[in-house]
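Have the viewer open and follow along.

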Amino acid sequence: MTVLAIVSDIHSNIEALEAVIKDAESEGVEMFRCLGDVIGYGPNPIECVDVAREKFDFTLLGNHEEAVLFGAIGFNPKAKMAIDWTREQFHIERDTSDVRNDRWQFLGELPLSVEDGNVQFVHGSPRDPTREYVFPTDVLNPDKLQGIFGHVDHITFNGHTHAPGVMTEEGMFRLPQDLKNEYVIDEEKIICNVGSVGQPRDGDNRASYAIFDGEKIRFRRVQYNVEKVMARMSRIDRLPEYLALRLKEGR
Ligand SMILES: [Fe+2]
């Protein structure tokens with residue numbers, strides 16, 4: 001099987017994305033698939049979308065793409081401010097109108113989910129692809145667990161929470177560090193969260209993604225120049241300061 005890099009939640013962080021691509025290619029990755037939230041929060045939405053258009057096999061619709069396209073419903077005022085700034089970047093006349101139209105069209109045509117045999121790819125959750133969160137603590141909620149796993153055939157890859165790990169149907173959430181960063185596929189149904197490239201929230205500020213070769217999943221963390229991204233964000237008034245600070249903390 002093709003060796004896949006599965007990336008998610010890039011959030012306009014081109015420095016993190018470039019570091020991940022470099023790492024993945026040095027690890028033998030042949031194809032990139034993206035689970036959404038290419039944009040939102042960070043300073044380089046256009047650059048990240050252009051990488052997605054040119055390099056990724058597919059990109060799913062994340063809730064941040066949805067918010068840029070259709071309005072920031074359910075976002076807090078500061079997150080909404082970042083969404084409004086992001087949307088404007090797609091309309092600034094710095095490229096030809098053809099290029100701008102192609103980008104906007106790309107966002108408008110992103111799929112909600114993709115199935116590849118018994119492997120499914122979603123942004124948030126198998127039963128509500130774009131918006132529902134599957135949190136590690138949901139293993140304590142049997143009803144939710146059952147509801148979600150009812151939509152899993154064998155393996156589902158997701159993102160959205162920015163917290164990597166493997167959730168099993170039996171109600172375990174196994175952190176990458178507990179798995180020594182490797183999960184070998186067996187009969188068990190799992191939901192594998194690949195973490196976030198551009199805004200990790202598990203206390204580790206390195207970019208997170210996963211490599212999948214059909215037999216095992218490997219969790220990867222990649223260092224990138226966080227300070228450079230923070231400095232770029234500090235020059236953009238409409239990207240609230242806490243968004244830069246959380247990159248440093250990985251929270
Ligand atoms: Fe996200």
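Let's start with Ile-21, which lies in helix H1 (residues 14–26). Helices (H or I, at least four residues) and strands (E, at least two) are DSSP runs, numbered from the N terminus. Ile-21 has 19 C-beta neighbours inside 10 Å, so it counts as partly exposed. For that label, a residue is buried if 20 or more other C-beta atoms lie within 10 Å of its own, exposed if 12 or fewer, and partly exposed in between, with C-beta atoms placed from the backbone. Between Ile-21 and Ala-5, 16 residues apart along the chain, the C-alpha separation is 8.6 Å.

Before going on, a word on the source: this is a predicted model, where local features need pLDDT of at least 70, side-chain atom pairs count only at pLDDT 80 or more, and totals for chains, interfaces and linings use all residues. Residues are numbered from 1 along each chain as its sequence is written.

Now take Lys-144, in helix H6 (residues 142–149). Lys-144 is partly exposed, because it has 17 C-beta neighbours inside 10 Å.

## How H3 sits on H4

Helix H3 (residues 63–70) packs against helix H4 (residues 77–89) at about 70°, with the axes 9 Å apart. That angle makes the pair roughly perpendicular. As for the geometry, axes are lines fitted to C-alpha atoms, for helices over the stretch in contact, and angles run from 0 to 180 degrees between N-to-C directions.

Who touches whom? On the H3 side there are His-64, Ala-67 and Val-68, and they meet Ile-83, Thr-86 and Arg-87 in H4. By class, the contact of H3 with H4 has 3 nonpolar, 2 polar and 1 charged residues. Contact here means C-beta atoms, placed from the backbone, within 7 Å. For the classes, Ala, Val, Leu, Ile, Met, Phe, Trp, Tyr, Cys and Pro count as nonpolar, Asp, Glu, Lys and Arg as charged, and the others, Gly among them, as polar.

## The six-stranded sheet

The sheet is open, with 6 strands in the order E4-E5-E6-E10-E7-E8 and mixed pairing. Strands E4 (113–116) and E8 (173–174) are at the edges with a single partner strand each, so one side of each has no neighbour in the sheet. Two strands pair if DSSP finds at least two bridges between them.

Strand E6 (residues 155–158) pairs with strand E10 (residues 190–193) in the parallel sense over 4 bridges, and Thr-156 is opposite Ile-191 in E10. Strand E5 (residues 119–122) also runs parallel to E6, joined by 3 bridges, with Gln-120 opposite Thr-156. Ile-155 and Phe-157 point one way from E6, Thr-156 and Asn-158 point the other way, and all are buried.

## Positive phi in one loop

Which loop holds Asp-37? Asp-37 is in the loop between strand E2 (31–34) and helix H2 (45–55), and Tyr-41 is found in the loop between E2 and H2 too. Asp-37 has a positive phi of about 55° although it is not a glycine, while phi of Tyr-41 is near 75°, again positive in a residue other than glycine.

Buried or exposed? Asp-37 is buried, with 32 other C-beta atoms within 10 Å. Tyr-41 counts as buried too, with 26 C-beta neighbours inside 10 Å.

Technical notes
Parallel < 35°, antiparallel > 145°, perpendicular 65-115°, else oblique. Contact = placed C-beta atoms within 7 Å.
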